[in-house]
Amino acid sequence: MAEGNWRGKIKSITVNNFITYDSVKVSPGPYLNVILGPNGTGKSTLVAAIVIGMGGNCQTLSRGKTLVDYIKNGKTKAAISIDIYKDNEKNVVEFFRVFDNTGSGTFKVDKKKVSQKAYLDEVKKYNIQIDNLCQFLPQDRVQDFAKMNPEEIFINTVKSVCDSEAQEIFEQLKEMEKDSGNSGAELAKWKADLKEAEAQNLQLKVRIENMSHRTQLQEKLQVAKIKKGHLELEELLAKTQDYNKDLEDAKKCLKENEKKLQPIKQESQDFINQIKKLETDGTTQKNNLQKISSKLANLDGDTEKEMDAIRQIKAEFQNVKRQAQTQESDIAEETNVLTALLKDLQISISQTGTLNAKKASLDQKIAELQKENEALLQERNQVAHTLQTEVRVEINSIKRKLEKMQSAEQQHLAAMESRFPDMYKAVMWLKDNRDMFQGTIYDPILLELKLKNLADGKFLENIISQRDLLAFVCEDVNDMKLLVKKLTHEMKLSVNIVQSDPAEKIKFTPSIPINQLRRYGFTKYILDMVEGPVPILNYICQIYNVHNIPVGTNRSSDMIDEIIAAGQLQLFFTPDHRYSVAKSKYSSASSTTCNEIASHNMMRQVLDERQVEEERKTLQHLIRRSDAMNNQINECEAKLSYNEQKAKNVKVELREITVKTQHMTTVQQRVKAQQKKIKDIRENVIDIKAEEIKCKESVKASLVKLLQLQKDKIDQVAEYMKFDKDLLFNREYLKRFNSGNSDLKKKLCEAEQTVEVSQKLVERIKTTIDGHKRKISDKKGEIKSLVEAVFPADTKYQDIVHFRTLPGRIEELLEEIGSLQAQVDCMEGHNERVIEEFEARQKKIDELNQKIANDSARQRSLLGKITELHESWYPEIIKVVDQINTKFSRFMQSMMYAGEVMLTMKSPYAYSTYGISIKVVYRNNEALQQLNSFLQSGGERTVAIATYTLALQQLTQVPFRCVDEINQGMDPKNERKIFEMLVDETSKSGMSQYFFITPKLLPNLKCNDYMVFHCIFNGPHVASPVMFLGNENYMLCT
């Protein structure tokens, strides 16, 4: 930088509410500025202010994650103002940036609001490179410099020491190299594609030529088929003409035969008519005979009926005679029966009084038994109702309650199956395979931990992550490894597995006893809410500190401010909220986060064994009461059964009395009936003489009817004989007539057969002709289709060249067709896809040739441009690197070390491989070694980095540099040498502005008038701010 060059140097830095500063303004000197102060007082804050004020971001500083982290705690926004000299007349431009706690901000240049891009463009005009480690080397990125590869060091060095034109040329050369490399790759690919496409099209060309020859053969084959059809058509036409002549002859023959048949048919018809007349007369005679036979049959039936009537009359008379003989004996017998019945009736009447008295006694016994049974039945029903509606209902209720309480774990596990299927599968697998492990393997924490109160589950779920709630816990490390292998590697399950040492008691106690927190409404810690295996409780205490997280009541909600102000708790709960208190690392201010909590219903409640035992005792008492009631019911039913048996016996005696009473009634009725029967017998005595006369008169009337029936029968027989005689005569005449007509029938049959044969011949010839006509039509259609398939529709196939040259005989033509077909079948058919592929690839070949020609011309032009730029840029770069090497080697040698800076590359034109290799050696008898984070110690790397940045000082094109605590890790000897070189190189007129940040300085260091010391004295325990005001070369920042 020339003498008196002020452009780009910082005149002043002003910050408000930035990190630890409320408000401060720093006015640096134009050359070396030493920023001195204890750690934590805000030295690096000034470097951060320069980076962010010049448009940089948090990644450059490697401190906060977002801009919000740079706002002072308790403030809503921060502002940075940097005044930059914009020319050698010391005119100033102000860069102003403000940002708030939402991350949004404003950029201004000379109080004019601009976009971030315009802001950065304005900064770039002064060659200020915020992200260049050769210009800005923050405290947290000193080691990043050592991690840079040679290419990154070269790029940052070029930006730092070369003018903008050299930087632009380097970027152009890299872009051209990349373009040339890409183009070369594309050119090679195009040439390979061209060669491949030409080879493929050469093969396709042979196929296309074969397809063309096959098309010609197919055309000749088609003509051969056409001519074959033509010859077959001519043959069909000739045969059709012959069949037409045969048809005319057949028709003439048919006509003559039909003429001969006509008189024979007429004669035959006359005979048929005569036969029909004779058959009609015979039928009439048969009908008359059938009628007479029917009448004779009716007369026979009537005769048989009259004979039966006579036999019936005689039999009835004999029965009357027998009845008259038995009437007297019947009267004597019935009288004896009546006497016995009267004697039985007298005995029954004498027993009536005794039976009535006994019946009354038995009825009273029945009534007493019924009354006793009603009382027993009422008692049984009442006990049964109480047992059914009260005792058993209560027993079932308690059983269901016990089952529900005892199956809570299984229900909870089943509920988790749908939500966490992998965890469920793992639990089921572990259940069957626990014997594989040496120590105890606990189920997932959410299954092992049991809440004392189910409502407290939301607190635990809001502290312990879901991943840990689903985690299996192993006491043994080897068991954990084996379980991970089985579940995650082999079964491919997504589960979490943790390890906690075996223990018999909880190793963690609250840091504050709960009694000291009760005044704030806290009643218990989260650990007090759950029960479970001790290793699991130790694990959640160790990881989540649950033994120190209290849970409060509504009173706690009302005392939030007092709880936070007390500063005893960093995390606590109220009934519905979670509070987290964090303290600033820069001040004592605290911030509080409040989140509403909700339950995910993942935990389950502890089973109350005491309640279970009480329910079981109640159940046993109810079961004993139920058994007593059942015994009482059984006793009632036994008594009822006994009484029913007694009643049954009494009813048997009653039935016996009833039977005896009914027997007397029955005897009385039988006596009356017997008396009536005897009376009826005596009243109906039979008169034998009168019955005999009546019988004779009935027989006489039947005989008269028989005589008339015999007379009618004789008349019908005479008529039957007459009709039978006529029928025999008619049959004999018809027989003789049919015998004389047989010759005529034979003659008629022969004539009809002759006509039928002639008709069939005509029809057969017609069918043959129709078939030939169809064949002719089909053949014409076939020929037409064959012609249209290859030639225009109006083509006359007889005029085709091949048609005339092909054989004229079908046999020879078939051989020709077979030969042509064989040739066609052996060749590839027409393939439109192949032709399209050939044409498309040919087009691609033309395009590739054009691309290759164009790219070759472009490559030659690009190579000329690269050569032209390289010749102007490369010597300057060599010169710059040589100057840096000279400076770096001299500085290292002055410290009794050795160092070398050299330009590295694969070739002069491989610009993307250009790099700067920094090699150093700190001990005798050792070779130069590359500077990196592995070979040298932290202090050695710091010395090399500081030396390299000093070597750039006289070549620099940047207006200022910042180096933050680069002397950390150096021994006093090296620190002194580095500082003295820094003073020598930076405290010269025309040098860049330099900011050197350090927490300390060695005594008796070199000093001159170009240097300005800035003592940072910021913090809660600041001493008097006027202690440095006696020296004008010191600036105090508070």
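1. Buried means under 20% relative accessible area, exposed means over 50%, and partly exposed lies in between (1.4 Å probe, protein chains only). The model is predicted: local features need pLDDT of at least 70, side-chain atom pairs count only at pLDDT 80 or more, and totals for chains, interfaces and linings use all residues. Residues are numbered from 1 along each chain as its sequence is written, and side-chain values use heavy atoms, with hydrogens and water left out.

2. K189 is exposed, at 52% relative accessible area. Its salt-bridge partner is D193, with the closest N and O atoms 3.1 Å apart. A salt bridge here is a side-chain nitrogen of Lys or Arg within 4 Å of a carboxyl oxygen of Asp or Glu. D193 counts as buried, at 19%. Helices (H or I, at least four residues) and strands (E, at least two) are DSSP runs, numbered from the N terminus.

3. Helix 6 also holds E171 and K174, three residues apart. They form a salt bridge, with the closest N and O atoms at 3.6 Å. E171 is partly exposed at 40% relative accessibility, and K174 is partly exposed at 21%.

4. K458 and D576 form a salt bridge too (3.4 Å, N to O). K458 is in helix 11 and D576 in the loop between strand 16 and strand 17, so the pair ties together parts 118 residues apart in sequence. K458 is buried at 17%; D576 is partly exposed at 39%.

5. The whole structure has 12 salt bridges. The search finds zero disulfides (pairs of cysteine sulfur atoms within 2.5 Å).
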